[in-house]
Amino acid sequence: MRCAALGAAAAAVLGVAAPAHAVILTTFVSVTQGITLRVGSAGGTVDEVTFDVSNADVAPSPGVVTGGGVGAVLVTVSADKTGLFSPSTVTLTASSAAGLPCITVTTCASTVIPFSSIGWVSSNLDTGTNAGNDIQTGSFNGSASQQLAQFGLPNFIQTFLQGSSRTQMSNTLTFSYANSTLYPAGSYQGRVTFTAAMN
């Protein structure tokens with residue numbers, strides 16, 4: 001039996017955001033400039049997605065394994081913009097460079113499964129003006145700064161005419177394990193860190 005677990009951690013400024021009513025939605029309101037990122041459950045909980053690779057998934061014809069545990073993971077970024085010369089873009093990145101190292105060393109020793117073997121299907125994709133700017137269906141690339149999404153904030157004229165704004169992006173990711181390589185039996189565990197930045 002092989003099992004891989006994916007933890008999701010978030011790095012951002014401020015508190016926790018509520019889910020968006022649309023994927024990328026801008027509202028002109030009185031706000032204090034800042035950014036909020038939520039990955040998974042609210043609060044300090046680190047959600048785990050698990051992959052149980054056993055029986056027919058091992059041999060003779062291994063197939064893609066859908067993630068269990070929390071199942072789908074909500075990713076929401078809220079950016080508050082004030083002033084005419086404040087940031088104009090939000091970028092969401094992921095660090096998956098550490099991979100999923102073996103945690104049962106008696107069976108899999110120092111083996112590390114790369115995060116590039118884990119992908120996702122993104123739901124609630126934007127089909128409007130911001131189509132393609134939210135998190136698209138894909139997979140981790142094992143780097144320390146993989147760009148997952150980038151969207152713009154109101155421009156100079158919009159901010160001048162309408163004032164401060166809040167722009168929010170929200171996608172739900174359903175993960176899967178490619179299961180294309182046979183690794184030593186055991187348990188593997190790793191964590192992906194998501195970071196949102198305004199620039």
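This is a predicted model: local features need pLDDT of at least 70, side-chain atom pairs count only at pLDDT 80 or more; totals for chains, interfaces and linings use all residues.
Residues are numbered from 1 along each chain as its sequence is written, and side-chain values use heavy atoms, leaving out hydrogens and water.

Strands here are DSSP runs of E with at least two residues, numbered from the N terminus, and two of them pair if DSSP finds at least two bridges between them. Strand β8 (residues 89-95) is antiparallel to β13 (residues 146-152), with six bridges between them. Five of the seven β8 residues are buried, so the strand is largely enclosed by the rest of the structure. Buried means under 20% relative accessible area, exposed over 50%, and partly exposed in between (1.4 Å probe, protein chains only).

Now for the inside. A nonpolar core is a set of buried Ala, Val, Leu, Ile, Met, Phe, Trp, Tyr and Cys residues joined through side-chain atoms within 4.5 Å. The largest one has 37 residues, and V77, L92, F140, F175 and F194 make the most contacts inside it. Elements giving two or more residues to this core include β8, β13 and β15.

Two asparagines are worth a look. N124, in the loop between β11 and β12, has a positive phi near 65° and is partly exposed at 40% relative accessibility. N179, in the loop between β14 and β15, has a positive phi near 55°, but is buried at 4%.

Note on methods: Helices (H or I, at least four residues) and strands (E, at least two) are DSSP runs, numbered from the N terminus.
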